[in-house]
Amino acid sequence: MAERSIVIIGLPESGKTTFLAALWHLITERDVDTLLRFHELSRGEVSHLNEIAARWRDAKVQDRTAVAGNRLVSMNLLDNAGVPVRVTFPDVPGEAYRRMWEDRECDPEIAKILYEGDVIFFIHADKIQAPKWVVDEVALSNEMGLEVSENPVVQWHPELAPTQVQLADLLQLLRRSPLDNGPRRLAIMMSAWDKASGEGLSPRAYLEQKLPLLAQYLQLGADDWTWRIYGLSAQGGDYDKTNSNAHPKPEAEALRNLDSPSKRIMLLENGAKTHDLTRPLAWLMECRTLGG
């Protein structure tokens, strides 16, 4: 059996667990056509996958406490020819990747996972922290009639860095010892695409406009990434909080009323829309198989 390891990477709340929940629902429900089909679970907790998929179907925000910890999931999938392929990927909290940026530390267990496999890289399209320029901050303060200190002192912390700086650094770390395993394939998932699609940009144009440093790093091929970008809306809209007494959101209620929850999934690839979340996995495995 062919075996491919795929690493899912992203900062906290970038959509990693939601993707895994939607993927598990999709390949077990089998109510829409997919490039890859589920065969069997070879490693991992079925209860964990069922729990996150149930919250996803109920349009509930994933409970970060419930999904905490490092979980390794290995699935046997079948391609269109019926050839079995084992795909292994971790469900690792985003805080682990944030610590890599902020503290320059990586847990040995996570380092072992990151050393192997191609990469699915999650970026939340609606949670991008853009660079802040002093001249713009001063101009805004003047417009609002606020006093501007001539010598302001701000204690800098790595978490204050723009999103694109943190993301580019994470990719660079994967091409440095001890995590470097040679050139890899990279599927960029611009999650919460339903929040960004209103700007009328393609996922690639959105990356270039909102994260120009990251886009230039990838386009120049400094670390030999073979990459492709997707727009992803795995939720389909805003979800209700898991443990909340607040009134259900109309958008979440509408999603729960869909005849087929799989139809809330939307993946944008080269201008074409599909419900098939296995397409990025198939592309990563195809590239590895062909050596491209």
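1. Three aromatic pairs turn up in a search of the whole structure. One of them joins tryptophan 193 and tyrosine 206: the ring centres lie 5.4 Å apart and the planes meet at 80 degrees, so the pair is edge-to-face. The cut-off for that label is over 60 degrees. Note that this is a predicted model.

2. The two partners sit in separate helices. Tryptophan 193 belongs to helix H7 (residues 193-196) and tyrosine 206 to helix H8 (residues 203-210), so the contact ties together parts 13 residues apart in sequence.

3. Are these two residues buried or exposed? Tryptophan 193 has 8% relative accessibility and counts as buried. Tyrosine 206, at 5%, also counts as buried. Both calls rest on the cut-off of under 20%.

4. A ring contact of another kind involves tryptophan 56. Arginine 264 lies over the face of this ring, 4.6 Å from its centre.

5. Now the strands. Seven of the eight residues in strand S3 (residues 71-78) are buried, so S3 is largely enclosed by the rest of the structure.

6. Which strands pair with S3? Strand S2 (residues 37-43) does, in the antiparallel sense, over five bridges. Strand S4 (residues 84-91) does too: eight bridges join S3 to S4, and these strands run antiparallel.

7. Arginine 43 stands opposite serine 74. In S4, threonine 88 stands opposite serine 74.

8. S3 and S4 form a hairpin, with five residues between them. Check glycine 82 in the turn: its phi is positive, about 80 degrees.

Notes:
Residues are numbered from 1 along each chain as its sequence is written. This is a predicted model: local features need pLDDT of at least 70, side-chain atom pairs count only at pLDDT 80 or more; totals for chains, interfaces and linings use all residues. Side-chain values use heavy atoms; hydrogens and water are left out. Buried means under 20% relative accessible area, exposed over 50%, partly exposed in between (1.4 Å probe, protein chains only). Helices (H or I, at least four residues) and strands (E, at least two) are DSSP runs, numbered from the N terminus. Two strands pair if DSSP finds at least two bridges between them. Rings of Phe, Tyr and Trp (its six-membered ring) pair if their centres lie within 6.5 Å; planes under 30 degrees apart count as stacked, over 60 as edge-to-face and the rest as tilted. A charge sits over a ring if NZ of Lys or CZ of Arg is within 6 Å of the ring centre and within 35 degrees of the ring normal.
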